[in-house]
Amino acid sequence: MSGIPVTGVNELVLEVLDLDRAVDFYSDVLGLELADRSEQRAWFKVGDGARLGLWTPQVGIARGRGGVHVHYALHISEDAYDGALARLREHGQDPHEEDFEENGRALYVTDPDGNVVELWTWAG
């Protein structure tokens, strides 16, 4: 395989203006399980190991910001991390890196439209 071996989606984060209203919709209307909630963020379980975040307008890791969504994460294996980092750099990217210790490592890059794409080794 010549591309980065993405194995799934870890998380998708959407910006919402009214967190209470959004949480009510995702939990009551869609029936998703609320996994965590703070004043500015809510997380829902989505399938096996994936989650959906709802955030009030804010700037996140690697300058992820509001709009249609703040950022989204694609899962990669730990073994693929160094290769992904090298490939991004080979394509002129300067990825932001985060080490979440027991929750894995992540690379962040921004697409041409300003969306922050995360490649994360955390398997959920």
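Colleague: What makes Phe25, Val29 and Leu30 a nonpolar surface patch?

Modeller: The model is predicted, and in it these three residues make a patch of about 280 Å². A patch takes residues with over 30% relative accessible area and no salt bridge, and nonpolar side chains are joined within 5 Å. Phe25 has a relative accessible area of 38%, so Phe25 passes the 30% cut-off.

Colleague: Is Phe25 then exposed or partly exposed?

Modeller: Partly exposed, because 38% falls between the limits of 20% and 50%. Phe25 is placed in helix H1, residues 19–29.

Colleague: Is Tyr26 buried or exposed?

Modeller: Buried: the relative accessible area of Tyr26 is 16%, and the limit is under 20%.

Colleague: How do you know that the buried residues of H1 are on the same side?

Modeller: The buried residues in H1 are Leu19, Ala22, Val23 and Tyr26. Around the axis they cover an arc of only 100°, which puts them on the same side of H1. An α-helix has 3.6 residues a turn, so residues three or four places apart point the same way. The face of H1 turned away from the buried side carries exposed residues, namely Arg21, Asp28 and Val29.

Colleague: What makes Glu11 and Arg51 a salt bridge?

Modeller: Their closest N and O atoms are 2.8 Å apart, and a salt bridge needs a distance within 4 Å. The pair therefore counts as one of the 6 salt bridges in the structure. Glu11 is in strand S1 (residues 8–15) and Arg51 in strand S4 (residues 50–55), so the bridge ties together parts that are 40 residues apart in sequence. Glu11 is buried, at 4% relative accessible area, whereas Arg51 is partly exposed at 26%.

Colleague: What does the salt bridge of Arg37 and Asp20 tie together?

Modeller: The closest N and O atoms of Arg37 and Asp20 are 2.6 Å apart. Arg37 belongs to strand S2 (residues 33–37) and Asp20 to helix H1, so the parts tied together are 17 residues apart in sequence. Arg37 is partly exposed at 36%, and Asp20 is partly exposed at 47%.

Colleague: Why is the contact of Asp82 and Arg105 still called a salt bridge at 4.0 Å?

Modeller: The N to O distance is given as 4.0 Å, and the cut-off is within 4 Å, so the pair is counted. Asp82 lies in helix H2 (residues 81–90) and Arg105 in strand S7 (residues 105–110), so parts 23 residues apart in sequence are tied together. Salt bridges with shared partners join Glu78, Asp82 and Arg105 into one network.

Colleague: How do you know that Arg105 also sits over the ring of Tyr81?

Modeller: The charged end of Arg105 is 3.8 Å from the ring centre of Tyr81. The distance limit is 6 Å, and the charge must also be within 35 degrees of the ring normal. Arg41 is likewise placed over the face of Trp55, at 3.6 Å from the ring centre.

Colleague: What makes you say that the buried residues of H2 line one face?

Modeller: Tyr81, Ala84, Leu85 and Leu88 are buried in H2. Down the axis of H2, the buried residues fall within an arc of 100°, so they line one face of the helix. Asp82 and Glu90 are the exposed residues on the face turned away from that buried side. Asp82 has a relative accessible area of 51%, so Asp82 passes the limit of over 50% for exposed.

Colleague: And why is Asp99 called exposed?

Modeller: Asp99, in strand S6 (residues 96–99), has 54% relative accessibility, and over 50% counts as exposed.

Methods
Residues numbered from 1 in each chain as written. Predicted model: local features only at pLDDT ≥ 70, side-chain atom pairs only at ≥ 80, totals over all residues. Heavy atoms only, no water. Buried < 20%, exposed > 50% of the residue type's maximum accessible area, 1.4 Å probe, protein only. Patch = residues over 30% accessible without salt bridge, like charges linked within 9 Å, V, L, I, M, F, W, Y side chains within 5 Å. Areas by Shrake-Rupley, 256 points an atom, 1.4 Å probe, with all protein chains shown as cover. Salt bridge = Lys/Arg side-chain N within 4 Å of Asp/Glu carboxyl O. Helix = DSSP H or I, 4+ residues; strand = E, 2+ residues; numbered from the N terminus. Arc of directions from axis to C-beta.
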